[in-house]
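Work through the exercises below with the sequence and the model open. Each task is followed by a solution in steps.

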Amino acid sequence: MNSLTAFAVPAFYMLSGAYLLGKPQPVRNTLSRRVPRLLIPLVFWSVFYIIFSGDIRPQKFLEMFFQPQTPHLWFMYCILGIYFLLPLLSRLYVALGTKEKIYLLMLLLVVPSLLHDTEYIVNRYVQMPYFAVFWPDLGLFCLGAFLREHSEQLKRYKNWMPAAFILGLVLTAGLTLYVSARDNALNKNFISCIGSVGVLLMAASPLIWAWGNEEALKKLPNWTKKLIHGLGQTSMGVYLIHVLVMQMLNRSALPWLPLYSNEGSMLQMCFSAVGYFAISAVICWCGEKTPLARKVI
């Protein structure tokens, strides 16, 4: 279950890079528009989770500007760091040639990802090289731009992308099972690391498939397009509030509601995942229709 959803965050990084890196990003526009779109929801939900936890010491409210106050918010700090650098990164990326971009991706993503996976497969510590700055977030950001830039050439491989996704899933789940069995302890390093090779395959393949079938996707029925658009608008909000929904509505909190979190049978977990998502999406959809709530969802 965890392996199947591991590609979501890296896909978000890649989509962001695909539509931001290929064009100029003025400093003023970045600081006045792009950064607040992430910073305002982060501050709001950090305050909310601090209050919800019951630990409302003053230092907690100061810490939220530097570190996540609930584990799943880690991603917001990383993407904010990239957004602050966006005016510089966009100019650098546009100036590079194709070979230089491939070299950049090798340094920022490919080599570190292989080293990371090898470390856990052979059970030996590997020192991450110093050139792997901001790994893997920055590498994923650049990879998205590179794939989008070469989407026309990649169209010939679009029919192979479902197989590539399955291969990535098999790698991620298989290596997780192998390392967990070898160490006789649960191990999520191939799942939680958004730069592992299997996760990279899972994240890149749907994007290449979608860009390769862009014309066909434009012919989808209007109701389908509206549904996808609506879900896309609420995706950030779902990410921010789903932990709260899980904590409030899981079976241990409400015994009469059959929703589970990392427990129960596979069928119960699948049903619970759909339930948590649907509840979170409805809340966020309502928030999108409310002027003030729209800024934090």
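This is a predicted model: local features need pLDDT of at least 70, side-chain atom pairs count only at pLDDT 80 or more; totals for chains, interfaces and linings use all residues.

**Exercise 1. Salt bridges**

Task: How many salt bridges are there? Describe the pairs Lys101 and Glu149, Asp183 and Arg182, and Lys218 and Glu215.

Solution. 
Step 1. The cut-off is a side-chain nitrogen of Lys or Arg within 4 Å of a carboxyl oxygen of Asp or Glu. The count by this rule is six salt bridges.
Step 2. One of them joins the side chains of Lys101 and Glu149, at 2.9 Å from N to O. Lys101 belongs to helix H6 (residues 98-122) and Glu149 to helix H7 (residues 137-149), so this pair ties together parts that are 48 residues apart in sequence.
Step 3. Now compare the burial of the two partners. Lys101 has 5% relative accessibility and counts as buried. Glu149 has a relative accessible area of 40% and is partly exposed.
Step 4. Asp183 pairs with Arg182, with the closest N and O atoms 3.0 Å apart. Asp183 is partly exposed at 35% relative accessibility. Arg182 is partly exposed as well, with a relative accessible area of 29%.
Step 5. The side chains of Lys218 and Glu215 meet at 3.6 Å, N to O. Both residues lie in helix H12 (residues 214-218), three residues apart, which is about one turn of the helix.

**Exercise 2. A nonpolar patch on the surface**

Task: Which residues form the nonpolar patch on the surface, and which helix gives the most to it?

Solution. 
Step 1. The patch is formed by Phe44, Phe48, Phe52 and Met248. Together these residues have about 370 Å² of accessible area.
Step 2. Helix H3 (residues 27-53) gives the most, with three residues.
Step 3. Take Phe44 as an example. Phe44 is placed in helix H3. Its relative accessibility is 37%, so Phe44 counts as partly exposed. Residues of a patch need over 30% relative accessible area.
Step 4. For a distance check, take Phe44 and Phe134, which are 90 residues apart along the chain. Their C-alpha atoms are separated by 26 Å.

**Exercise 3. The overall fold**

Task: How many helices and strands does the protein have, and what does the radius of gyration say about how compact the protein is?

Solution. 
Step 1. The protein has 14 helices and zero strands.
Step 2. The radius of gyration is 20 Å, close to the 19 Å that the globule rule gives for 297 residues, so the protein is as compact as a globular protein of that length.
Step 3. Taken along the principal axes, the C-alpha atoms fill a box of roughly 55 × 50 × 50 Å.
Step 4. Of the 297 residues, 42% count as buried.
Step 5. Consider the contacts between residues at least 6 apart in sequence: 74% of them join residues at least 24 apart.
Step 6. The protein exposes about 16,900 Å², and carbon and sulfur atoms supply 69% of this area.

How values were computed:
Residues are numbered from 1 along each chain as its sequence is written. Side-chain values use heavy atoms; hydrogens and water are left out. Patches are made of residues with over 30% relative accessible area and no salt bridge: like charges are joined within 9 Å, nonpolar side chains (Val, Leu, Ile, Met, Phe, Trp, Tyr) within 5 Å. Accessible areas come from the Shrake-Rupley method with a 1.4 Å probe; for residues, only the protein chains shown count as cover. Helices (H or I, at least four residues) and strands (E, at least two) are DSSP runs, numbered from the N terminus. Buried means under 20% relative accessible area, exposed over 50%, partly exposed in between (1.4 Å probe, protein chains only). The radius of gyration is taken over C-alpha atoms; the globule rule is 2.2 Å times the number of residues to the power 0.38. Contact means heavy atoms within 4.5 Å.
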